[in-house]
Amino acid sequence: MRGAREAARCAAEALTELIRHRLEGVSAVCRSEDDGWIVDVDVLELARIPDTTSLLATYQVELDPAGELVQYRRVARYRRGAQDQ
């Protein structure tokens, strides 16, 4: 895998195929200890009206050095309008 941009794309594609939620963006990309990648992907889990009350989630996706999905897990769930604490 060539770099962080490709890792982000691969992680987002793999995750959306598995969980079927709309992708909102990638919020973090970093190297793992085994030269793979760890990517935080934000998705819309529940759309609400108004949009600021919609529920989003951040999933941490781990890729091996070749860009294949190793594992994923939801690490946060929050309202769109919520601020970090």
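## A tour of the charged side chains

Start by selecting Arg22, Glu24, Asp51 and Arg80: salt bridges link these residues in a network. Keep in mind that the model you are viewing is predicted. Side chains of opposite charge can pair when their charged atoms come close.

**Stop 1: Arg80 and Glu24.** Zoom in on these two side chains, which form a salt bridge with an N to O distance of 3.1 Å. Glu24 sits in strand 1 (residues 22-31) and Arg80 in the segment after strand 4 (69-79), 56 residues apart. Arg80 is partly exposed, at 27% relative accessibility, and Glu24 is partly exposed too, at 30%.

**Stop 2: Glu45 and Arg77.** Next, select this pair, whose side chains meet in a salt bridge of 2.7 Å, N to O. Glu45 is in strand 2 and Arg77 in strand 4, so parts that are 32 residues apart in sequence are tied together. Glu45 is buried, with a relative accessible area of 13%, while Arg77 is partly exposed at 45%.

**Stop 3: Asp42.** Finally, move to Asp42 in strand 2 (residues 37-46). What does the side chain of Asp42 join in a polar contact? Select Thr58: the two side chains are joined by a polar contact of 2.6 Å. Asp42 is buried and has no salt bridge; Arg80, the nearest side chain of opposite charge, is 9.1 Å away. Show the contacts of Asp42 as well, among them Leu23, Gly25 and Tyr78.

How values were computed:
Residues are numbered from 1 along each chain as its sequence is written. This is a predicted model: local features need pLDDT of at least 70, side-chain atom pairs count only at pLDDT 80 or more; totals for chains, interfaces and linings use all residues. Side-chain values use heavy atoms; hydrogens and water are left out. Helices (H or I, at least four residues) and strands (E, at least two) are DSSP runs, numbered from the N terminus. Buried means under 20% relative accessible area, exposed over 50%, partly exposed in between (1.4 Å probe, protein chains only). Lys and Arg count as positive and Asp and Glu as negative; His and the chain ends are not counted. A salt bridge is a side-chain nitrogen of Lys or Arg within 4 Å of a carboxyl oxygen of Asp or Glu. A polar contact is a pair of N or O atoms within 3.5 Å; within protein, one must be able to donate a hydrogen and the other to accept it, and residues adjacent in sequence count only if both atoms are side-chain atoms. Contact means heavy atoms within 4.5 Å. Lists of a residue's contacts leave out its neighbours within four places in sequence.
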